[in-house]
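Hello,

Here is the structure we talked about handing over. My notes follow below it.

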Amino acid sequence: MRSRGSGCTGMNKSRTRKERVDRGVKARSEDVFALSSWREILYLLAPRLLPVLVLFLLALVLPVYWKKVLVSSAIFGILAMSWDFLVCAGLVSLGQALFFGVGAYLAGTFHHLWGWPWWLTLPLASLLGGGICTLLLAPVLRLRGIYFSMVTLVLPLMLVRIIEATKALGGTEGLSGIQGFPGLGVELVLSVGMFLAALFGYRRILGTDYGLVMQGIRDNDRSVISSGINAHWFRAQALFLAGCMGALAGAFMTHAYMFVGMPVFALDYSILPITAAVVGGMGSIAGPALGAFILVPLSEALRALGALRIVFYGVFLVIFIVGLPEGLFHYLKRKYHQFERWTAVES
Amino acid sequence: MLWGALLYGVVNSVTLALVALGFNLTFGISGIANFSYGAMYVLAGYGTWMMLQRLGLPLLAAIPAMVLATALLGALLYRIVLVRVRGMVISEVIATFGIGLAILELFRYLGFIGFQYTLPVFADGSLQVGPLYLDLQRVFILIVGGSLTGFLWFFTRYTRTGLAFRGIAQDEYTALCLGIDSDKVATLSLSFGGGLCALAAVVILPIGTISVDAGYDVLLEALAVCIVGGLGSALGMVIASFVLGMAQSVTSLYMGSHWMMIVNLLAILLILGIRPSGLMGKQKELEERI
Amino acid sequence: MQSPILQVRELTKDFGGLRAVDRVSFELGEGESVGIIGPNGSGKTTLVNLITGFVKPDSGEVRFRGKVITGMPPYCIARMGVARTFQMARPFYNLAAYKNLVVPLFSPRVRSLLGGGYGDRDTVALDLLEEVGFERDSSVPYKPASVLPHGYLKRLELARCLAIRPDLILLDELFSGLSLAEVASTVPIIEKLQMEGRSLILIEHRLRELFRIVDRVIVLNFGQKIAEGNPREVMDSDEVKRAYLGTEADG
């Protein structure tokens, strides 16, 4: 809050400071008054309709290469949103690749062993993947945050080396020849559809009383426990809800690339959701989604630079976490809801 | 055979301890997460290499220069980046990890891959230990590792700066009230950690080649040692390095080197499941569980 | 003679080398109120943590309505009807005051006690706030908890406790940090709870206010129970005086 010295208002030595005030239209659109006029309704609807319309337009208008980028962005957006949902429950995962990889391998294995089609493997890999990851992480749910984070960092790295050492599930070569999707159109509809479902679904959950309890566990879990709520069970549920989406992203990629191998547990898939969330704004679900739609196309545009891309990720990460820690979405949301002005400081 | 496994196990353990020293100082003892540790290790390696090969400096000059440079890097890291995210451990982790990632991948991009990237050993020759011969570099590792660990233990227990390091981890506000400038202490802690990291690098890297992937492995090993031993306990760090070092040696002998990193990772998981504060950690029960 | 609602027997807890609670035993009857007092560090909060399950005792036993609850996880104990306040009242800062109560109202105990179709949680929350002294028609219940002054935060903490309709309430320093006027307005709320038949354990430093509310007082010092009885006789005891004021040699 900066303040200016005297000389602005003249009369006495009054100082001014910057103040953030809700916009009139925001105040008017709280509660039942939102229906009072088209302006308020539009104010509320616009940010929600925007992603739907934009995505719809892009899916129609973009050239083929960029349509594929759109699919990628949507899928990584799902992965990033699943990370953010965990953050809303107070769990910071440094290894989102775990969910991604488990889903990817499940889908690949289902097809490789039994020839199941994508419309069967995707939901199954998603649910089973979420379940397996929840079971794997259940023992550490009781521990304080940083220990959970470290286990999530370690698990995918360990799984990679186990696959490499035991040569199971295709070993270092992976499983190839997985059935692809019947056409780019299907990929687009599926990925964007799942993206929007995740975006609105997660936000809806967080808005209910159930979601409020989950965020309460993040803020002060002892308080929640002393009200008779089993915080661990809630965290496990959050883990499952996030894990399913993460696994779904992985399963989708397996069919999109028609291949699954050790790289699905790579650090990249753990770092991308975090970077997307840092850029877009942690804790808002929409922030990481936005972040993914910035990072993935950017990364494609910089494809010519090869391995330099990851260097960019790293630098980007640092710049944002130090310079704009609240993230783009929170910044934009604040600008949308509030305006700033100079007011006199009461003496 | 067993004699050999035992001896190399000891060397391996001391190597682990040496690697983990710097990380333990900043993370375990001062409570600041520096996840660019692995990158600093590799940076020290390549930096020394470049000083030797490109600038033609003698080893005796290159080593102190690199140690100082890395220490300075640690200090800068704190002053420029960490000071803005102090207190939020996850942000510290993310920020430092991002930097480390950028550094490591930059090296990979610039093509620093190959067998020509090695550091020379301090002295050729070997020492006879019982029926086996141990090359002198490994002996140096034992000496340097042992003395640095002892120095660290003494430092954090009996010197003002060392105690200040521990103070800012335990309760920063109280430390501030006692007149400890937490920013200055943190800067020192990070530079000490960086220096120790570089020292470890120049002593250990001559045994093999410098590789970018070693950066990630080093971070994981240091993390494993600190978690298993318990954050903040020098004795725990020593015990953990021996437990992990011996386990690694045995695994490498009987199951193949693929499994060595798995041992580290499994150890982390086991400890976090059974005794999260580590073997000798001092975290209060109430803070950890629930 | 009704059986006691709470029985604590030989409860002991060590933290490293420090014995925080040393073989403490006492009983509380249904509807009774007892105060626990003692100098700082005498183990009062640890005792509450032990009873409510947040800390596992090294030895000893706690029975609630005859059932052994030692070693049960804290959320189970809470579901049986045991509620507690925390000394450091930390609300959910980003939420409005009344929204803070929606969380405890989500507890299974509330659902089972009030049946399926009870009113909207928001309304129940506002009612609860009114019970603890928030003025109903003001905007205070709607303000985010981060802007509430200390006195209101304490009342919010009490409301959080009451949301799960507990039968036994452990209040950890409820009056600390409150002005005389605030204490005066909080005491009637406690008295109303007593009239409703709830059993209370109050840990307090403010003895004058405490003695007006409870008939029996337990004194702890260095983890041990050194006195028990009605306030007058307990405060006359030499040992209690020594614990609070020190012996003459300390001067």
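Is C:Arg65 buried, exposed or partly exposed, and how many other C-beta atoms lie within 10 Å? This is a predicted model, so please read everything here as computed from it. C:Arg65 is partly exposed, because it has 16 other C-beta atoms within 10 Å, a count between the limits of 12 or fewer for exposed and 20 or more for buried. C:Arg65 sits in the loop between β4 (59-64) and β5 (67-68) of chain C. Its phi is positive, near 50°, and the residue is not a glycine. Most residues other than glycine have a negative phi.

A:Met258 is not a glycine either, yet its phi is positive, about 60°. It belongs to the loop between α10 (231-257) and β4 (259-260) of chain A. A:Met258 has 15 C-beta neighbours inside 10 Å, so it counts as partly exposed.

Next, a residue in a strand. C:Val8 is part of strand β1 (residues 6-15) of chain C. C:Val8 is buried because 24 other C-beta atoms lie within 10 Å; the cut-off is 20 or more. Which residues does it touch, leaving aside neighbours within four places in sequence? The contacts are C:Val24, C:Ser25, C:Phe26, C:Ile51 and C:Val62. For a distance check, take C:Val8 and C:Arg165. They are 157 residues apart along the chain, and 22 Å separates their C-alpha atoms.

Now chain A as a whole. It holds 14 helices and five strands. Its radius of gyration is 23 Å; a compact globule of 347 residues would have one near 20 Å, so the two agree. Along the principal axes, the C-alpha atoms fill a box of roughly 80 × 55 × 45 Å. Of the 347 residues, 46% count as buried. Among contacts in chain A with a separation of 6 or more, 75% come from residues 24 or more positions apart.

Last, the interface between chains A and B. Here 34 residues of chain A are in contact with 33 residues of chain B. On the chain A side, α6 (145-166), α9 (221-225), α11 (267-280) and α13 (308-323) each supply at least two residues. α6(A) gives the most, with 12 residues. What is the make-up of this side of chain A, by nonpolar, polar and charged residues? It divides into 26 nonpolar, three polar and five charged.

Best wishes

Definitions and conventions:
Residues are numbered from 1 along each chain as its sequence is written. Chains are lettered from A and ligands numbered from 1 in the order in which they are written. This is a predicted model: local features need pLDDT of at least 70, side-chain atom pairs count only at pLDDT 80 or more; totals for chains, interfaces and linings use all residues. Two residues are in contact if their C-beta atoms, placed from the backbone, lie within 7 Å. Helices (H or I, at least four residues) and strands (E, at least two) are DSSP runs, numbered from the N terminus. Ala, Val, Leu, Ile, Met, Phe, Trp, Tyr, Cys and Pro count as nonpolar, Asp, Glu, Lys and Arg as charged, and the others, Gly among them, as polar. The radius of gyration is taken over C-alpha atoms; the globule rule is 2.2 Å times the number of residues to the power 0.38.
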